[in-house]
Amino acid sequence: MTKERGYRFRRALLSTLVGGIVIAIPWITSEYFVMMSVRVMFFGMLTMSLTFLAGELGAVSLMQASFFGISGYTVALLESRYGFPFPIPPLAGLAIAVLAAALFGLLVVRVRGIYFLMLTLVLGQLVWALACQWSSITRGDTGITNIYAPTVFGISTEKSKTAFYFFQLIFFCGAASFLAALKRSPFGLMLRGVRDSESRMAMLGFRVHLLRYAAFVFASLVAALGGVFFTYFTGLINPNTVSLPANVEALLAAILGGINSLLGAVVGTAILKTLDVVLSGITERYMLIMGVLFMLVIMFAPQGIVGTLMKYWNNRLFPSRNREPERRAGGFSKKPDVVRNP
Amino acid sequence: MSTLIVMSLLNGLTLGALLFITASGLTLSFSLMRVVNLTHGAFYMAGGFIGLSVLKFSGSWLLAMLAGGVVTAALAFIEERFLLRWARGNDLIETLISLSVAIIVGDLVLVVWGGYPRTISIPEALSGAVSIPLIHTIYPVYRIFTVGLALVIIGALWVFLKKTRLGVTIRAGVDNFEMVSALGINVKRLFSFVFTLSGFLAGVSGVVGGTFLVLVVGEDWRILTLTLIVIIIGGMGSLGGTIVGALITGLIHSFSTAFIPQFSLFVLFLPVAIVLSIRPRGLFGKER
Amino acid sequence: MARKRIIQLMVAFFVVAWACGSAHGVDEIRIGVIGPTTGWATIFGQDVLDGVKLALSQKDYKFKGTPIKLFTEDTKADVEVMRTKMDSLKNRDKVHLIIGPSLGHEGMAAVDWAARNPEVPILVGYSAPEDMTMRKATYSLVRPGWTGAQVIFDFGKYCAKDLGYKKIIMVGQDYAYPWDQAAGFIRGFLENGGEKVERIWSPVEAVDFSSIMARLAGMSKEYNAVLCNMGGAQVVAFFKQWQQFGLDKLYPQILGQANVPLVPMLAEMGDTLLGVYSSLHYYDGDPSPANVKFRESYNKAYGHYPSVISVQGYDAVNVAFKAMEALNGKVDDPKAFIAAIRNVKMTADESPRGPFYFDKYGNPVQNIYIKKVVKQDGRLMNIAVKTYKDVSQFGPYADMPEKYMAAPATTRDYPPGDKASYFKEIEKYFGKDYVDKLEKNKGWPD
């Protein structure tokens, strides 16, 4: 009982500390660091949406960047070409991206495992092809520029990076809480049930297709939210944002950090996006390093950095708790799910 | 106008031939091992560049093609033996490992051969064009050769799978894996062999394709996407399905670039999306 | 135990955060170069960088004793990454000047960034979209390079007047830069006697042109020549398939866009490029002393001959140096630096391309050469068959820039490619007097 209280106290202390630091960032670090943090946040939302689907549903989606981009393009269009006033572009962006997810979801929901990965890869490419070739709307390869971040309650987030930081932080925490709440809820439990044994769930009377569909749409909402902030901060958008490399990067970040934890998504994104900028100043072999890193993580730490750390943490502090991570791990534990070991 | 249609037909056919050669390896490895080898595109590109270098040294296109295939086969063997086998049983992890190898190989190719686009010269014997009697146009000999090559490979694979013991074992493994291992057949070696063969086919297709298309960084992902389209449409695990998928993909590509080039990309991905959602196994895929 | 671990982590965190923001020393000139140095667009970024390095090494990386520090950043051809790198060059490295970027879409994003960050002078590398120094021009961005249309207006005229073509097919990659080149060519061609330019667009990455070849073969009775409006890998594939499908027997030599007979292409494609006409503000076969010196020292340093891409980096550094001379090295006043840059005039001895100076929008007024690929000294090179002097980005419309900019921006279909619709458009935007003048002079004045 005391151990439990001690654990909870430490956890609360840690959370407050981290929260305090996060809020203090604009004052204790440089503008450069703030900019990097903002990037980690919006890409982090993209990664979280992938992590959510992969972790809870065991479905690796290579099209989350599509929803990120669809919402981004909508915001870009409404802001730069039509000049709609503030809350309209992001709301429209979210709505259209979720609508797209609802449509694609119908195609995607009946398919699982490797087929799901391949179908989402192809659908992601379909969205990319549209972004490239529908030039009258998307301006093709050049993309849309000239987008300015909004003025919220009289504060210009365009002029002040700090303002933008907090503006995004609120929604970022909201998105993370949303997904965390879903994970903790009975809905999350049902999703993990589908992940572990779909036939059993179906037999028990659960509407498996509906569950998968709902999860897919929820995840797209978070990705779309990331896309809104991406567009406002970067000031431009082009087909690269929805390309295959963009989707693969999101997957890399998710795996690096750990597919079973939202914190892992953020950590993975932070590592990837920071290495991105730092490494390419030192060496040209950035892709090679990322490929090797990816391979090592997938082979030796498939739970990702955070997952492995958490396992270690739990094992050290609470030997009796260590069954949880394995059970929560789903398809990414090393245990094979079918006896096919030759 | 009708000339254009006939030409598009021929173009689709010949592109389909190349796509078949490329996809055949992927189908083989998938049907037996249930792993979508995402390294396949990188093998295509690596095989092509290796062939390019061998051609520069030896002057023999045939040698270049074989060399491209052999070296890629060796890479595939290493990948299977040391990386994929380690994660055997977990399809998702194996697929992701193959993705990481693809990224690594892609960058290594950039290091060795650089970022400039290269192309493999058509061998003398296959260069030039012939006149097609009925439609009064000329068509490149080399592209007709690709169709011939594809037919040869189809024939060889057919004979191999139907008539040789190894081939029969592989087909048995595809149909009923547990039984095959229960029968005491060395499945490890079987997997190695199939994967190596698929690598060989990928490398060969890289040289064949690099001769009438182009070899450059980024081609690995383009080819991988096209190959996946072929396999998804035709059905994974079925050689006949791969032939059909390759033809359909080739024809769609050539007709759309001829008549509606500004939507050609989109039109290529649409049928895939439809097929996968209605019949996830592909048109001829096997039920598993 | 865990508490200690937490404190260690926090300390590490603070150290890292602080290090990211620490300032650099003074008494040093800092230049950042930005472009795609990895991935498919490597040539466009790496060559600019090589040109920059060559120029700097010729000056010993010093300006009158003050050391010059070079920061290079890779955009990976991704504009989000580019924006981030530009921000870090500005905030973290505190550079006095940015040279770059190279690609079209990068350029448009860069001018957007420049508008929001006017305190950092930018000397553009290879990017050619005209709006960067026209409709979207901003004071801190100067381009010692070219625009897509600028180098090709007179090529259109040359094809109509000197080569006598009436109808041309243009096959191009479907994105902004080829659109610009097509537009410039159409204006030159249709206003000087040509009748029609048919545009066929293909997806940017497509390398299988067999269907297009089939179409071209079918059109050969009606059209006189084909203009290849592509760059990179697509050029290699196009020329290859051109020969395979026997189109070299149906049409005269291919006309090329600026990126077609680049020096690395000449090396890769060899004799298939013989006879190709194109136009640019630089030609590698230029026998001028400045060019020979540049070419040979580049070859000595890197082992291969330079392309026009490297010239951009080389010239950018030399322009910056001339500006610094005027300021006596005081580069920390960005407004003065930019003003000095805009005042720079390069003579024929100072630049491998020839003389140039900047117009009021920040783009050079320079020579445009119609060039042809020939074999000389045992290797392929471009030589000039005609030179047009003092061409600005507005080309023949130099005396009515506002009218030019008021006309719609180029898209894949604008301006129209057939004479009738085209003349309707120019009458609308340039006025009836202009059209009358054209008909009287039968084209542009020579």
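Let me begin with a definition: two strands pair if DSSP finds at least two bridges between them, and strands are DSSP runs of E, at least two residues long, while helices are runs of H or I of at least four, both numbered from the N terminus. What you see is a predicted model, in which local features need pLDDT of at least 70 and side-chain atom pairs count only at pLDDT 80 or more, whereas totals for chains, interfaces and linings use all residues. Residues are numbered from 1 along each chain as its sequence is written, and chains are lettered from A and ligands numbered from 1 in the order in which they are written.

In chain C, strand S7 (residues 167-173) runs parallel to strand S9 (residues 225-229), joined by 5 bridges, with Ile168(C) opposite Ala225(C). S7(C) is also parallel to strand S8 (residues 196-202), through 7 bridges, and there Gln173(C) faces Ser202(C).

How much of S7(C) is buried, counting a residue as buried if 20 or more other C-beta atoms, placed from the backbone, lie within 10 Å of its own? The figure is 6 of the 7 residues, so S7(C) is largely enclosed by the rest of the structure.

Turning to the chain contacts, where two residues touch if their C-beta atoms, placed from the backbone, lie within 7 Å, chain A gives 39 residues and chain B 40, and H5(A) brings the largest share of chain A's side, 14 residues.

Terms used. A residue is buried if 20 or more other C-beta atoms lie within 10 Å of its own, exposed if 12 or fewer, and partly exposed in between; C-beta atoms are placed from the backbone.
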